[in-house]
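Please look through the sequence and the model below before reading on.

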Amino acid sequence: MVPFLDLKAATAELEPEITETLSRVLANGWYVLGPEVEAFEAEFAASVGSQHCIGVGNGLDAIELALLALGIEPGDEVIVPANTYIATWLAVTQIGAIVVPVEPDDRTNNIDPDRIEDAITPRTRAVIAVHLYGQPADMVAIRAITARHGIKLVEDAAQAHGASVQGRPVGSLADASAWSFYPSKNLGAIGDGGAVTTSDRAVAEKVRILRNYGSQTKYVNEALGVNSRLDEIQAAVLRIKLPRLSTWNLRRQAIAERYSDELQDVPLRLPASDERGRHVWHVFVVRTNERDALQRHLTARGVQTLIHYPTPPHLQQAYAHLRLRPGTFPISESIHRECLSLPIGPHLAREQVDDVIAAVRSFSFTSGSRDTRRSA
Ligand SMILES: *Cc1c(COP(=O)(O)O)cnc(C)c1O
């Protein structure tokens, strides 16, 4: 049996340190926004080359608070990828702003910079770039567009801890960057957690106030804030894991290389890697028009796979009111129809990777389904 992702293994590797840390936090008696959070914020900011980090409750809140702190208001238009996890859209919707979806580059699955400009109107206030599947979006091109139009740029870096563009870490490439530390992310807590990183002091101050009831001084409320705080246990565990992140990402990369080499001759579309950015392989997504049959075959062979994601946001019931019919975003829709995520993670053993490769190779692809449009 090859599990999609073995979260217990990451905890087991660090068991003595985690146990010791939990005892320290328990004994301390300070459980929310305390010394562990403060230390983690400093360490994480340094690791992404950002001036400030503000720990929050989860990744969705991180995007919302980043948008609010950048001054995005109800009725403002925010450009989002059509192809993303729904959280990117929900953050915009929940602050009363309007999502303006833009199709991805079919090769990288990330928002297509060439299509952003066409979507800009006088009401556009921001673009959210998502580093989907762990691959950085084309931040150089996107930055040039947002700068030219005087609009804000937000990174949704929830799948890209440790990724970089031309040597510069994601999390430092926008006006504000949002992170999730949901357990299955490349840097995951043992519960919910999130953060905003920014090098703009005023934005950092706003997020800091908004996350805690709009208050800096207890019982003095200067803004309509929310309750979205990071707790001490999550911060303490994240501090233990952060120094391991680059080693863990290297293991993911090695597995991705094996899949790419050893499945090269199989009629599957393998992920394209944009050589300008460092991909951290949050998930390894292949594409085939025989997706469902391949998934059933792998399940029968004991290989667990997932689909990231089965339905694009514009076709979800939650966004039915936007009346975006099937066919509105054909590139996104075909990705959702064809994508399948193979097991990948820092604790996947060599033999398990062998098993996945053998299981994929043993599937009888219908002849003619070969799609050779892989990486350029
Ligand atoms: C996980 C994720 C989020 C949301 O993070 P939560 O901590 O689950 O709220 C946002 N955007 C993307 C792209 C994600 O993968």
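**Helix packing, strands and selected residues**

Helix α4 passes helix α8 in a right-handed crossing. The model is a predicted one, and the points below are grouped by the elements they concern.

**Helices α4 and α8**

- Helix α4, which covers residues 59-69, packs against helix α8, residues 201-210, at an angle of about 125 degrees, and the two axes lie 9 Å apart. Because of that angle, α4 is oblique to α8.
- On the α4 side the contact is made by Leu65, Leu68 and Ala69, which meet Val203, Lys206, Val207 and Leu210 in α8. Sorted by class, this contact of α4 with α8 has 6 nonpolar residues, no polar residues and 1 charged residue.

**Helices α3 and α9**

- The axes of helix α3 (residues 35-48) and helix α9 (residues 232-241) come within 8 Å of each other and cross at roughly 40 degrees, which means that α3 is oblique to α9.
- The crossing of α3 and α9 is left-handed, and the residues of their contact divide into 7 nonpolar, no polar and 4 charged.
- From α3, the residues taking part are Pro35, Glu36, Val37, Ala39, Phe40 and Glu43, and they meet Glu232, Ala235, Ala236, Leu238 and Arg239 in α9.

- Strand β9 (residues 194-198) is largely enclosed by the rest of the structure, because 5 of its 5 residues are buried.
- In a regular strand the side chains alternate between the two faces of the sheet. Both faces of β9 are covered, with Gly194, Val196 and Thr198 buried on one side and Ala195 and Thr197 buried on the other.
- Strand β1 (residues 52-56) runs antiparallel to β9 and is joined to it by 5 bridges; within this pairing, the bridge partner of His52 is Thr198 in β9.
- Strand β8 (residues 176-180) also runs antiparallel to β9, to which it is joined by 4 bridges, and Ala178 has Val196 in β9 as its bridge partner.

**Strand β13 and its partner**

- The pairing of β13 with strand β14 (residues 339-342) is in the antiparallel sense and extends over 4 bridges, and in it Val285 stands opposite Ser341 of β14.

- Asn249 is found in helix α10, residues 245-262, and it counts as buried because its relative accessibility is 1%.
- Leaving aside neighbours within four places in sequence, Asn249 is in contact with His161, Gly162, Asn186, Arg278 and Val280.

**Backbone features in loops**

- A cis peptide bond, with omega about 10 degrees, joins His308 and Tyr309, and Tyr309 has its place in the loop between α11 (291-300) and α12 (330-338).
- Tyr133, a residue other than glycine, has a positive phi near 65 degrees. Tyr133 is in the loop between β4 (124-130) and α7 (139-149), where it counts as buried because its relative accessibility is 4%.
- Gln166 likewise has a positive phi, of about 45 degrees, although it is not a glycine. Gln166 lies in the loop between β6 (164-165) and β7 (168-169) and is exposed, with a relative accessible area of 56%.

Notes: Residues are numbered from 1 along each chain as its sequence is written. This is a predicted model: local features need pLDDT of at least 70, side-chain atom pairs count only at pLDDT 80 or more; totals for chains, interfaces and linings use all residues. Side-chain values use heavy atoms; hydrogens and water are left out. Axes are lines fitted to C-alpha atoms, for helices over the stretch in contact, and angles run from 0 to 180 degrees between N-to-C directions. Helices (H or I, at least four residues) and strands (E, at least two) are DSSP runs, numbered from the N terminus. Angles under 35 degrees count as roughly parallel, over 145 as roughly antiparallel, 65 to 115 as roughly perpendicular and the rest as oblique. A crossing is left-handed if the near helix is turned anticlockwise from the far one by less than a right angle, and right-handed if clockwise. Contact means heavy atoms within 4.5 Å. Ala, Val, Leu, Ile, Met, Phe, Trp, Tyr, Cys and Pro count as nonpolar, Asp, Glu, Lys and Arg as charged, and the others, Gly among them, as polar. Two strands pair if DSSP finds at least two bridges between them. Buried means under 20% relative accessible area, exposed over 50%, partly exposed in between (1.4 Å probe, protein chains only).
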